[in-house]
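I opened my notebook to look up a few things in this structure. Here is what I wrote down, entry by entry.

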Amino acid sequence: MFRFKTLAFLIVVASMVLAACAPAATQAPAQPAAEKPFGQASCAPNCGYKDMTMCFPQLGAESDWRTADTASFKSEAEKDGFKLVFSDAQQKQENQISAVRACIQQGVSVIALPPVVEDGWDAVLTEAKNAGIPVIIVDRSVSADPSLYMSHIGSDMVLEGQRAAAEFNKKFPSGAKILELSGTTGSGAAVGRAKGFRQDLNSNITIVDSQTGNFTRAEALPVMQAFLQKYKAGTDFQGIFIHNDDMGIGAIEALKAAGVKPGDLFIVSVDGTRGGFQAMVDGWFQADVECNPLLGPQVAEMALKIMNGQSVDKNVLTNETVYYPDNAAELLPTRQY
Ligand code: AHR
């Protein structure tokens, strides 16, 4: 009996000693909470379009291109079932900035911003970032620091200008004098196209004059009229580079009124709208550099990825081409915009 008690006592003591010597139960050191990707929503990773409110402060309704762009976002929202907060800034940056601020107040999931001009976005983009709202820059570019937005989706405007220059180089190997009807001053589209055009234009082709028509038919018409008062078509200039189809259509009106006939001048435009195709069919445009406005589906898909915490590319450029009169009549009925 005594022996049994002693043995039991010794076992208890030994196990206490062993327990004391054993390393302390390993407790995982406190880890800093993993930082969630910027823009990730609380529904991640299972967010669906029903969870999304997208702010789309459209820059205006200045052209057929713009109308098609707006329609692309509205129809995508309807198809996918997300809420679109739409506004029209009438080509005024201050209206766009107010619209972005209203969206920040509202606490939208994402802002898809088509900036009317490149500069002047830093403050409002910083406000969106501080509010935790991701911004996708759509269509035209901004000069703001890229850390202030998630991505840019749109056309390569410099390449569009280069493509237009290539048409003039092909047409006038011995040189020529030309005019330029440019887009909205300070806009990524006008700046990029002008830059690419000048980069690639042969040195024996001179840009005699360049004026803005603000991407609209109404403003391009008087600009073309003024050009025609100053310069004699065919003698003082042989061609025109026009930054979009709407301005081209305005310019055609002025040219017709001045007695210029289709084919008298070499005209290259940008966009590839139905109006541009019709101008090729009618013999006014000799080439139309594509700029695709149907950005809604791509932007919606990217916005959902951001909400779900997935990474996205910083710059997504649209794949585009150049259209010519030879098959314009055949393609015209197939154009979506
Ligand atoms: O930013 C795209 C440009 O803007 C298009 O070329 C033009 O038609 C529009 O107004």
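Before anything else, a term I need: two strands count as paired if DSSP finds at least two bridges between them. I also note that this is a predicted model.

**Entry: strand β6 and its neighbours**

I looked up β8 (residues 239-242) and found that 4 bridges join this strand to β6, with the two running parallel. L179 stands opposite I240 in β8. On β7 (residues 205-212), I found 7 bridges to β6, again in the parallel sense. There, E180 has S210 as its bridge partner. Then I followed the chain from β6 through helix α6 (residues 188-200) to β7, and this β-α-β crossover is right-handed.

Is β6 mostly covered or mostly open? Mostly covered: of the 7 residues in β6 (176-182), 6 are buried.

**Entry: the ligand**

I listed what surrounds the ligand, and the list includes E62, W65, D139, M157, F215 and D271. Next I checked distances from ligand oxygen atoms to N or O atoms in side chains. For E62 I got 2.4 Å, for R140 2.8 Å, and for R193 2.9 Å. How much of the ligand does the protein bury? Taken alone, the ligand exposes 280 Å², and the protein buries 100% of that.

A reminder to myself: most residues other than glycine have a negative phi, and most peptide bonds are trans. So I went looking for exceptions.

- The peptide bond from A44 to P45 is cis, with omega near 5°. P45 sits in the loop between α1 (2-21) and β1 (53-58).
- Q90 is not a glycine, yet its phi is positive, about 50°. I found Q90 in the loop between β2 (83-88) and α3 (93-106). Q90 is exposed, because its relative accessible area is 54% and the cut-off for exposed is over 50%.
- D139 is not a glycine either, and its phi is positive too, about 70°. D139 is in the loop between β4 (135-138) and β5 (151-154). D139 is buried, because its relative accessible area is 3% and buried means under 20%.

**Entry: the whole chain**

I counted 11 helices and 12 strands in the protein chain. Buried residues make up 50% of its 337 residues. The C-alpha trace spans about 130 × 40 × 40 Å along its principal axes. What is the radius of gyration of the protein chain? I noted 30 Å, whereas a compact globule of 337 residues would be near 20 Å.

Definitions and conventions
Residues are numbered from 1 along each chain as its sequence is written. This is a predicted model: local features need pLDDT of at least 70, side-chain atom pairs count only at pLDDT 80 or more; totals for chains, interfaces and linings use all residues. Side-chain values use heavy atoms; hydrogens and water are left out. Buried means under 20% relative accessible area, exposed over 50%, partly exposed in between (1.4 Å probe, protein chains only). A crossover is right-handed if, with the strands pointing away from the viewer, the path from the first strand over the helix to the second runs clockwise. A residue is near a molecule or strand if one of its heavy atoms lies within 4 Å of it. A polar contact is a pair of N or O atoms within 3.5 Å; within protein, one must be able to donate a hydrogen and the other to accept it, and residues adjacent in sequence count only if both atoms are side-chain atoms. Accessible areas come from the Shrake-Rupley method with a 1.4 Å probe; for residues, only the protein chains shown count as cover. The radius of gyration is taken over C-alpha atoms; the globule rule is 2.2 Å times the number of residues to the power 0.38.
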